[in-house]
Amino acid sequence: MEGTTQHRTLVILGHPSTQDSRVNRHLADAVRGLPGLTVRDLASVRGAAGFDVEAEQEILRAHDTVVLRFPWYWYWYSIPGILKEWVDQVLTYGFAYGTGGDALRGKRLVVATSTGGPESSYGPSGHNRFTMAELMRPIEATAHLCGMVLEEPLVVHGARMVDEAELAAHGASYRNLLANSKGAARAA
Ligand SMILES: Cc1cc2nc3c(=O)[nH]c(=O)nc-3n(C[C@H](O)[C@H](O)[C@H](O)COP(=O)(O)O)c2cc1C
C-alpha cells in the first residue's frame, strides 16, 4: 500500500526440542504465512561457540516487534538455556542498553509461553507460589532496560492437559497478537 511500510515481526524461538513440542508447534502453525513474519529457531542457528552476534543484532534491527516464544522452564527461575544464552550474547552493552545502546528502543516485545502446570498452580496458594506476572519480572526488567514496549504475555497453561479446542483458541489469540502488532510508539 502506498505510504505504508510492512510491519516486521521477529519470532525468537527458544525451544530446545521442537520435535517433542505440542503447544509451541501449534502456535507456530497458527501464524504461518503472516506477512512480515520471520521465525528464528535458535536451535538451528546456534553454532558450536554460540551465536553470530552481529548477524543476530542485524536481524533485530530490521524488525519492529520481537516475540520471545519458549516453553516455561522455570524450575530454575530462568528461561530455557538456549534463549538465555542468546540474550546474554546478543543484547550487549552499546547495542541493547547503556551508552549508544538504543537499537531496541521503542520496539514491541511479546512473550508467548507454555507451562506444564495448570493456571491454578500459579498464585499464592498454588504449587508454584507466585503468579506468572511475578515470575516474569526479569523479562519486564529486561524490556525496561532496553526501552522496549512489553505487551501482555500469551500463556498457555497445562501444556499436556489443554484440549484441542483450547489450543485452537490460543492459536487464534497468538495470531491476532502478531497480526495486530502495528508500529509501537517510540519509548521515551
Ligand atoms: C527442564 C524443564 C523444566 C520445566 N519447568 C517447568 C516449570 O517450572 N513450570 C511449569 O509449569 N512447567 C515446566 N516445564 C514443562 C514445560 O513448560 C512444558 O513441557 C512445555 O511448556 C510444553 O510445551 P511444548 O508442548 O511446546 O513442548 C518444564 C519442562 C522441562 C523440560
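How do the residues of the shell around the ligand divide into nonpolar, polar and charged? They divide into 8 nonpolar, 7 polar and 1 charged. Here Ala, Val, Leu, Ile, Met, Phe, Trp, Tyr, Cys and Pro count as nonpolar, Asp, Glu, Lys and Arg as charged, and the others, Gly among them, as polar.

Two notes before you select anything. This is a predicted model, in which local features need pLDDT of at least 70 and side-chain atom pairs count only at pLDDT 80 or more, while totals for chains, interfaces and linings use all residues. Residues are numbered from 1 along each chain as its sequence is written, and side-chain values use heavy atoms, with hydrogens and water left out.

**Stop 1: the ligand**

Select the ligand and the residues around it. A residue is near a molecule or strand if one of its heavy atoms lies within 4 Å of it. There are 16 residues around the ligand, and Ser21, Arg22, Ser114, Gly117 and Tyr122 come nearest.

Now show the polar atoms. A polar contact is a pair of N or O atoms within 3.5 Å; within protein, one must be able to donate a hydrogen and the other to accept it, and residues adjacent in sequence count only if both atoms are side-chain atoms. Ser114 has a polar side-chain atom 2.6 Å from an oxygen atom of the ligand. Asn24 also places a polar side-chain atom by a ligand oxygen, at 2.8 Å. At Gly116, look at the backbone instead: a polar backbone atom is 2.9 Å from a nitrogen atom of the ligand. On its own the ligand has 640 Å² of accessible area, and the protein covers 77% of that. Accessible areas come from the Shrake-Rupley method with a 1.4 Å probe; for residues, only the protein chains shown count as cover.

**Stop 2: strand β3**

Select residues 65-71, which form β3. Helices (H or I, at least four residues) and strands (E, at least two) are DSSP runs, numbered from the N terminus. Are the residues of β3 buried or exposed? In β3, 7 of the 7 residues are buried, so the strand is largely enclosed by the rest of the structure. Buried means under 20% relative accessible area, exposed over 50%, and partly exposed in between (1.4 Å probe, protein chains only).

Show the side chains of β3. Thr65, Val67, Arg69 and Pro71 point one way, and Val66, Leu68 and Phe70 point the other way.

β1 (9-13) runs parallel to β3, and 5 bridges join them. β4 (residues 108-114) also pairs with β3 in the parallel sense, over 7 bridges.

**Stop 3: salt bridges**

How many salt bridges does a search of the whole structure find? The search finds 8. A salt bridge is a side-chain nitrogen of Lys or Arg within 4 Å of a carboxyl oxygen of Asp or Glu. Side chains of opposite charge can pair when their charged atoms come close.

Select Arg8 and Asp64, whose side chains meet in a salt bridge at 3.4 Å, N to O. The pair links distant parts of the chain, 56 residues apart: Arg8 is in the segment before β1, and Asp64 is in the loop between α3 (53-61) and β3. Arg8 is partly exposed at 36% relative accessibility, and Asp64 is partly exposed at 23%.

Move to Arg32 and Asp29, which form a salt bridge of 2.4 Å, N to O. Arg32 is exposed, with a relative accessible area of 56%, whereas Asp29 is partly exposed at 43%.

Then select helix α6 (residues 137-146), where Arg137 and Glu140 lie 3 residues apart, about one turn of the helix. Their side chains meet in a salt bridge of 3.5 Å, N to O. Arg137 is exposed at 52%, and Glu140 is partly exposed at 37%.

**Stop 4: Glu151 and Arg108**

From Glu140, go to Glu151, 11 residues away along the chain; their C-alpha atoms are separated by 9.8 Å. A polar contact of 2.8 Å joins the side chain of Glu151 to that of Arg108. Arg108 lies in strand β4 and is buried, at 17% relative accessibility.

**Stop 5: Arg129**

Finish at Arg129, in the loop between β4 and α5 (132-135). Its phi is near 65 degrees, a positive value in a residue other than glycine. Arg129 is exposed, at 56% relative accessibility.

Technical notes: Pairing = 2+ DSSP bridges.
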